[in-house]
Amino acid sequence: MPLISRRLRAALLVTASATLVAATAPTPVPLGIGDRLFPQLGNPGYDVLSYDISLTYHGSNTKPLDAVTRIVARTTAPLEQINLDFARGDVRAVEVNGLRSEFALKAEDLIVRAPARLPAGVPVNITVRHTSDPSGESSDGGWVRTADGLAMANQADAAHRVFPGNDHPSDKAYFTFRVTAPKDLTVVAGGLSAGTRRHGTATTWTYRTEHPMATELAQVSIGRSAVLRRNGPDGLPVRDVVPVADREKLEPWLRKTPGQVAWMEAQVGPYPFETYGLLVADAETGFELETQTLSLFERSLFTASGYPEWYVDSIMVHELAHQWFGNSVSPQAWSDLWINEGHATWYEALYAQEHAQKPMERRMREAYTRSDTWRAAGGPPAHPDAPSPDNKISLFRPVVYDGSALVLYALRQEIGAEAFDRLERTWVHRYRDESASTAHFTTLASRIAGRDLTAFFDGWLYGEKTPPMPGHPDWRSAKPRKAAGPQGSARTAKPA
């Protein structure tokens, strides 16, 4: 416990009283909101309204960044101590409502003693002065070290490896990022630019979101980057961030985005945010990620020779579709992941059908054949097995990709194309900027279909075996066998 020991020693020097420190330090008990898959993620008793995160990058992507995280929240229950999710950094000081507060670290919680008991329903301002350490294993998530700097990959439970907060998608908030870096580097973050300020050999870049965002969707890019701008539908600002040396090589891919946005809008309605674009990082992550307004892509997806054009296009659409499904409408619990990934996979497959003659029905029939194997290996779509503690990305299994798109295919077969399309548009409109659950989705589907779909969803979302496919009584699922290993957030399969 070296961090706690150093803080206690410092407190002893200041107070000259071990008894006083023991009396004022909070009991270091990690808490959570009881998410079935990540039980200690998130924290009870408050709702975060906004984050203001200041980061100072010193030019090395292996050295800690100096950071200040300011949180504006509202209590939802009486609190004597406040738990924040945080790991992989030193905490130097904490203030609550402007008053210096005692704190401790336990497991992956920062536990703060409030200066006085806080009643329910009052505002609370929390300031944490800390470091943000990018030197950990990149497979754990959080900071991703690129060839020339850093980017973020915070899904599913890794934002608290970058900054303290309430790291659960049920608590969305507005974000401001203020990032100071050497003047020869470029910083881009989610949201829109609020200006830059030069001072000496450094520049401070400020960005703000115009819509609330889950912590897992935060993005900050620091590096030798070119920022390329173009217009999307109705003047939507499209902003791509790429390695300077690759701007011409990547242009044929980047110029596709406005058309893809227009295609998605034709499926489900207006794009839900203030900007969009691709962040192409010179890093090997094994996945792509739908960080809000600025999706993260590996450079190799566009530059390697093994991926045909239709496949890369469909992956681009997958991450774009997430801006509606998963970002604008976020999961209320991580068991609701099937809604995010099932829909992103659905529109990925639909795009491939319309633009590359890759039939949706053939893909869904293949998914049906494998569905029982996927369920046996990872659980049913809406009740997935917990990820391995040492490999959290193992949550992203085939059953939440094609296995969940298969649920949507069955639903469309069951209620008809017109009702399904109305459901899609109503879902993203009604729950825009909110977090919503599987129960919300199934209830809305029943209302739009005009009949109770409980039995249908019980089998398709929670059954150990895949139900018969409506309209295709001849489809058969193969006998379960050992399934393929975990997959990244979008890379569903390497194409033939």
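In the predicted model, the side chain of Asp-402 forms a polar contact with the side chain of Arg-363, at 2.9 Å. Asp-402 belongs to helix α9, which comprises residues 402-415. Its relative accessibility is 13%, and Asp-402 is therefore classed as buried, the cut-off being under 20%.

Asp-402 also takes part in the packing of α9 against helix α7. Helix α7 spans residues 337-356, and its axis comes within 7 Å of that of α9, with a crossing angle of roughly 75 degrees. Because angles of 65 to 115 degrees count as roughly perpendicular, α7 and α9 are assigned to that class. On the α7 side, the contact is made by Trp-338, Gly-342, His-343, Thr-345 and Trp-346. The α9 side contributes Asp-402, Ser-404, Ala-405, Val-407, Leu-408, Tyr-409 and Arg-412. By residue class, the contact of α7 with α9 consists of six nonpolar, four polar and two charged residues.

A further helix pair is formed by α4 (residues 257-268) and α6 (residues 309-322), whose axes come within 10 Å and cross at roughly 55 degrees. The two helices are therefore oblique to each other, and the crossing of α4 and α6 is right-handed. Helix α4 makes this contact through Thr-257, Gln-260, Val-261, Trp-263 and Met-264, and helix α6 through Asp-313, Met-316, Val-317, Leu-320 and Ala-321. Seven nonpolar, two polar and one charged residue make up the contact of α4 with α6.

How values were computed
Residues are numbered from 1 along each chain as its sequence is written. This is a predicted model: local features need pLDDT of at least 70, side-chain atom pairs count only at pLDDT 80 or more; totals for chains, interfaces and linings use all residues. Side-chain values use heavy atoms; hydrogens and water are left out. Axes are lines fitted to C-alpha atoms, for helices over the stretch in contact, and angles run from 0 to 180 degrees between N-to-C directions. Helices (H or I, at least four residues) and strands (E, at least two) are DSSP runs, numbered from the N terminus. Angles under 35 degrees count as roughly parallel, over 145 as roughly antiparallel, 65 to 115 as roughly perpendicular and the rest as oblique. A crossing is left-handed if the near helix is turned anticlockwise from the far one by less than a right angle, and right-handed if clockwise. Contact means heavy atoms within 4.5 Å. Ala, Val, Leu, Ile, Met, Phe, Trp, Tyr, Cys and Pro count as nonpolar, Asp, Glu, Lys and Arg as charged, and the others, Gly among them, as polar. Buried means under 20% relative accessible area, exposed over 50%, partly exposed in between (1.4 Å probe, protein chains only). A polar contact is a pair of N or O atoms within 3.5 Å; within protein, one must be able to donate a hydrogen and the other to accept it, and residues adjacent in sequence count only if both atoms are side-chain atoms.
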